[in-house]
Amino acid sequence: MFIPPQHPAIRTMGRIDDAAPSRPIWVYPYTQARFRCTGTAIGITLVNHWNYGESHVGAIVDGMQSRIRIPVNDEPITLTVADHLPDIEHEVTIFKRQDGEHYIELLGFALDDGAQILPPADPESVRRIEIYGDSVSCGERNEAVRYTGMADPETDLSPYSNAWYSYGAITARNLGAQLHDVAQGGAALLDGIGWFNGPDYIGMEDIWDRIEYNPALGETKPWDFSRYTPHVVIIALGQNDAHPDDFMASYYHGAQARHWRARYADFIRALRERYPAALIVCATTVLRHDEAWDRAIDEVCCGIGDPKVTHFTYSRNGSATPGHPRIAEHEEMARELTAYLEGFGDDLWN
């Protein structure tokens, strides 16, 4: 039995391009669909628009998580999410594990003939968080747990990238909140630096207001900000900006460093214009980087003079791991970020 993606029982979350409701496009990590169903098997039909890396989709069925490899092709394909299930009611979440290294064009879901599909049992949360970040916010390579506290090995670790275990997703679940994870591996704040889309590097300033942004996968499309208004906005940038030149560390008062701080302030102001009431939390992560970037962020936050723009640092900020944080380190960050946001009380979500 074929279930179209716009079926009313399906609850979605994420910045989704649904201009064609029967073929929505999932771009950002942690984008997801949730539903309940009966039957013995669950499948997903999609087209994988691929740029680089090895693509996987994530699924949680009755509390058990799995990853399903997506072959590299531009044709519709149906993948088995789960089979040989008891014919009872199942809770299902299917989500995008990775960032814009690929887009998923969702065509629908496959269930047993005669199966029932029902909406999730819990009500949709009214709490909303949004993150603008890089590979750490994506949860990139976090499942490479044997390399906890170590540099990444010299191999393709795309299969080990899982947005479900990113610090932002864990924090959102801790707080019972929705999350839009506007994050891309390798992204700096500014165009021309960082790692994404080299040598013509694209920064968050060319990503933040788009649904689709990867030039290798087609034209960019603007996002309609009226569709989602967060209570909390987290800016987690300032790590890839040190490539190819760590100008903030080497010459803090130089022209390039002063330019970056001015543009960071402009980015905060642009977000404030979109979200007049949101708490804006500026941060980096436990990924190793020079403390000059945190000094710069603190200087900008103080200079903005907005009581709802804050600078948050983790207890092991910038000193925990030379490679991408693994799951345990994301959990550590999530505990601290959760406690920080809880400190604002319930008024934060009004």
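This is a predicted model: local features need pLDDT of at least 70, side-chain atom pairs count only at pLDDT 80 or more; totals for chains, interfaces and linings use all residues.
Q: Where is Tyr160 found, and what does Tyr160 contact beyond its neighbours within four places in sequence?
A: Tyr160 is in the loop between helix 1 (135–138) and helix 2 (167–175); helices are DSSP runs of H or I with at least four residues, strands are runs of E with at least two, and both are numbered from the N terminus. Its contacts (heavy atoms within 4.5 Å) include Arg67, Arg97 and Glu143.

Q: What makes strand 13 (residues 128–133) and strand 17 a pair?
A: Two strands pair if DSSP finds at least two bridges between them. Strand 13 and strand 17 have five, in the parallel sense, so they meet the cut-off. One of the bridges links Tyr132 to Ile235.

Q: How do you know that strand 17 (residues 232–236) is mostly covered?
A: Five of its five residues are buried. Val232, Ile234 and Ala236 point one way, and Val233 and Ile235 point the other way. In a regular strand the side chains alternate between the two faces of the sheet.

Q: Why do strand 14 (178–183) and strand 19 count as edges of the sheet?
A: The open sheet has five strands in the order 14-13-17-18-19, with parallel pairing. Strand 14 and strand 19 each have a single partner strand, so one side of each is left without a neighbour in the sheet. The twist averages 20° from one strand to the next.

Q: What joins strand 18 to strand 19?
A: Three bridges join these parallel strands, and Ile280 stands opposite Val309 in strand 19. Helix 5 packs on the sheet, touching strand 18 and strand 19.

Q: How do you know that the span of helix 5 (residues 292–304) is close to the expected one?
A: The expected span is 1.5 Å times one less than the number of residues. Helix 5 has 13 residues, and its 18 Å from first C-alpha to last is close to the 18 Å expected. Among its buried residues are Trp293, Ile297 and Val300.

Methods: Residues are numbered from 1 along each chain as its sequence is written. Side-chain values use heavy atoms; hydrogens and water are left out. Buried means under 20% relative accessible area, exposed over 50%, partly exposed in between (1.4 Å probe, protein chains only). Axes are lines fitted to C-alpha atoms, for helices over the stretch in contact, and angles run from 0 to 180 degrees between N-to-C directions.
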